[in-house]
Amino acid sequence: MSVSHTLIYNWFSNFSTQGFNLKKWFYLVCLCTGCLSYGQQSNDLKLWYDEPSGDTWENALPIGNGRLGAMVYGNVGTEIFQLNEHAVWSGSPNRNDNPNALEALPKVRELIFNGEYKAAEQLANDKIITKKSHGQMFQPVGNLELSFPNHMDYEEYYRELDISNATSKTSYKIDGITYTREAFVSLTDRLLIVRLTADQPGKISFTANLTTPHTDSKIEINGENQISLWGKTSDHEGVEGKVEFNALMRLKTENGTITQTDTSLKVENANDAILMISIASNFNSYQDLNGDENKRAKTYLDAGFDKAYELLKSNHIKKYQELFNRVVLDFGSTEASKLPTDERLANFRNTTDPSFVALYFQYGRYLLISSSQPGGQPANLQGIWNHRMKPAWDSKYTININAEMNYWPAERTNLSELHEPFLKMVQELSITGKETAKTMYGARGWMAHHNTDIWRITGPIDGAFWGIWNGGGAWTSQHLWEHYLYTGDTTFLKSVFPALKGAAEFYADFLVQHPNYPYLVVAPGNSPENAPEAHQGSSITAGSTMDNQLVFDVFNTYIQAAEVLEKESTFIDSLKVLRSKLPPMQIGKHNQLQEWLDDVDSPEDHHRHISHLYGLFPSNQISPYRTPKLFAAAKNTLLQRGDISTGWSMGWKVNWWAKMQDGNHAYKLIKDQLTPVGINRGGGGTYNNLFDAHPPFQIDGNFGCTSGISEMLLQSSDGAVHLLPAVPDALDTGYVGGLKARGGFEVIALEWKNKKLVVATIKSNLGGNLRLRVPNELELVGTGNFKQAEGSNPNHFFKIAQTMNPLISKEATLEELSLVPTFLYDIMTEKGKTYTFKIKN
């Protein structure tokens, strides 16, 4: 223990330790404040298996650095590393607006207002939905394949993905010799690095090949011990494929011989071998393909090839752990944790395995680190991992929920800088979406429909049932504001202010007076991908609840951002008038939150999208304390929709039930999600490699559940930093460190026992009032004015726009919910200082 550690330990020793473990608390605070350089025990942070992947891609293990992705199969005789690069997409720069939309818009609205929904949908299909590309495809690069002669009869097989250091390992024994393969995608050197060893000299023999599914490609030996794979992506839906990429694999050995054919390298009798793979493309931006993929790939490979393997590995781990080790989570462990990961998954719904929840939480953070890095593309529908030339939904960006869900963990779980690729995409959409707003709807500002891709298309796709939704810009723009709320970065806020203003300008122009209601509404619009029977099976509508909630947030976000930056007031005043004319939320005859303007919800509707609960999460328009009737109605909607659904939908439901402060129901959804795919009848689950299953694989469910677990422990969207809002019985004791809250507050460490908060340490990175909501009485350790809270929170990061009072059906018999009592405290904090609170004696 260093002198500084001893001083901290002695300081903690000066106050009562009743109710919590001082040594563990000292360790945890040191860990989370950087005094200690290591994280949770590595054994708790491994996915491991006693069988190879075989031919099943969803058994392989993902590694990546935000630009390169690889799936490691761990097969013995023929090892496969399936390769991706973040910019390898079909097509090339293009737009997909439909210029006929503007002329047809009045007629579409007329049909909607007259209740002729099917006719409106048909007209929208003809005149509004794009007649060009419906979006391009994220495509694989190919495979690195390693063939090992006579590696058939093996024993003691083991493979793992260690998410504590972002490395994979495969080992097995043949004829008494142990063979080991290590692999990682370097965060520092932009390379996939593979090392092959044996515990006896001269035993490494294999043949290396690169393969690709691309037809326009060339594979050759183009240097000493080097294979080149060059390719060009596919044409798709009338858009020429112009992304050119180059993958280079170069190897070196200790002893042994290397021979080559036209397209492969053969190693014989080496002590070990190190293979390095670089991949680059000609992609510069969504409008520029003038890069030199060959030069880039060679530059990356040359820069790293002569470095020692251990240096490459240690540099990678150091950079990775600077991100990953920010958060520690411990729910305890049982004997169930000692089994292989696929067996733990199979058993989880019927056993007690709390550390599996912590592993899954951290796996989501691992996947975000591995698929989203500053300067790269955002994590798409499959992160950065895809083996199909024509993946499901093109593996692009579905922005009516899925892409946003990918980034819910970014701020909450202390990975704020990994939000950057998504935030940059939003700013790029605010540029491309201006033309769509003007050409298709005659509006100022910018907008996007329900999908986009690497070319930042903003036109409507797929058909009016799905594509008529125009809230893509509204929703994605809220991430710009969220980043500010967590970081307080006013320089960033200034840079994105035009995008926030443009999103508000679009709706200021697009809103239209409903002839049958006293409201301004979005028309056409929809409640994403759902349709009531009363609307002739058509989703197209006016004034859906989610559309109203989105416009409410867009207007409020601009108003608050303008106030922070002391911008003009004229537009603020006009937005306040428009906001007052939006439809309020409504509680229907089944005691539900209405999904549509008319009361046509069915209690038997179990649709995967529950978009009108956007107002509960990720928004904060529905609150147990400010809007108790809406809160109760939201619970009824959740109960009516049910639990089992697609994987990503269950991930969203974990967040909703956490917001409902029902930890047991949230945990039930975690168990449903962590069920092997195929068991949940009519729903999704999880693959053996813990990828989320829609099915098929969609990574948003992983990220959504990670966010939900965080929300069970810490919430900050409802005017206070709420600690332990939804702890389930199964996780009634534990500790966490490193979670972030709005206002720049970081929960350095938090321990609870029997659902009671024992002790918490919070750092104030921005200063200002800290309002705490907690399940039991606390007292401040040290000096400070720690008092019961009164009135509104004066900290502007916690300012909340007032939700309009709901309209309630005369047939409703709604009762407000009984809430678990909480205690509300205030303390004025100083920037950079840390505050500790413990259970009141």
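Reply: We take the sheet, then the salt bridges. Keep in mind that this is a predicted model.

Me: In which order do the nine strands form the open sheet?

Reply: Strands of a sheet pair through backbone hydrogen bonds, either parallel or antiparallel. Here the order is E1-E6-E7-E8-E9-E16-E13-E12-E11, with antiparallel pairing. Strands E1 (46-49) and E11 (217-223) are the edges, each pairing on one side only. On average, neighbouring strands are turned by 15 degrees against each other, direction ignored.

Me: How many bridges join E8 to E9?

Reply: Seven, between residues 177-185 of E8 and 192-198 of E9. Thr 180 stands opposite Thr 197 in E9.

Me: How many salt bridges does a search of the whole structure find?

Reply: The count is 35. One of them pairs Lys 307 with Asp 189, the closest N and O atoms being 2.6 Å apart. Lys 307 sits in the loop between helices H5 and H6, and Asp 189 in the loop between E8 and E9, so the contact ties together parts 118 residues apart in sequence.

Me: Is Asp 189 buried or exposed?

Reply: Buried means under 20% relative accessible area. Asp 189 has 9%, so it counts as buried. Lys 307, at 28%, is partly exposed.

Me: Which residue does Arg 641 meet in a salt bridge?

Reply: Asp 605, at 3.2 Å, N to O. Arg 641 lies in helix H17, and Asp 605 in the loop between strand E22 and H17, 36 residues apart. Both Arg 641 and Asp 605 are buried.

Terms used:
Residues are numbered from 1 along each chain as its sequence is written. This is a predicted model: local features need pLDDT of at least 70, side-chain atom pairs count only at pLDDT 80 or more; totals for chains, interfaces and linings use all residues. Side-chain values use heavy atoms; hydrogens and water are left out. Two strands pair if DSSP finds at least two bridges between them. Helices (H or I, at least four residues) and strands (E, at least two) are DSSP runs, numbered from the N terminus. Axes are lines fitted to C-alpha atoms, for helices over the stretch in contact, and angles run from 0 to 180 degrees between N-to-C directions. A salt bridge is a side-chain nitrogen of Lys or Arg within 4 Å of a carboxyl oxygen of Asp or Glu. Buried means under 20% relative accessible area, exposed over 50%, partly exposed in between (1.4 Å probe, protein chains only).
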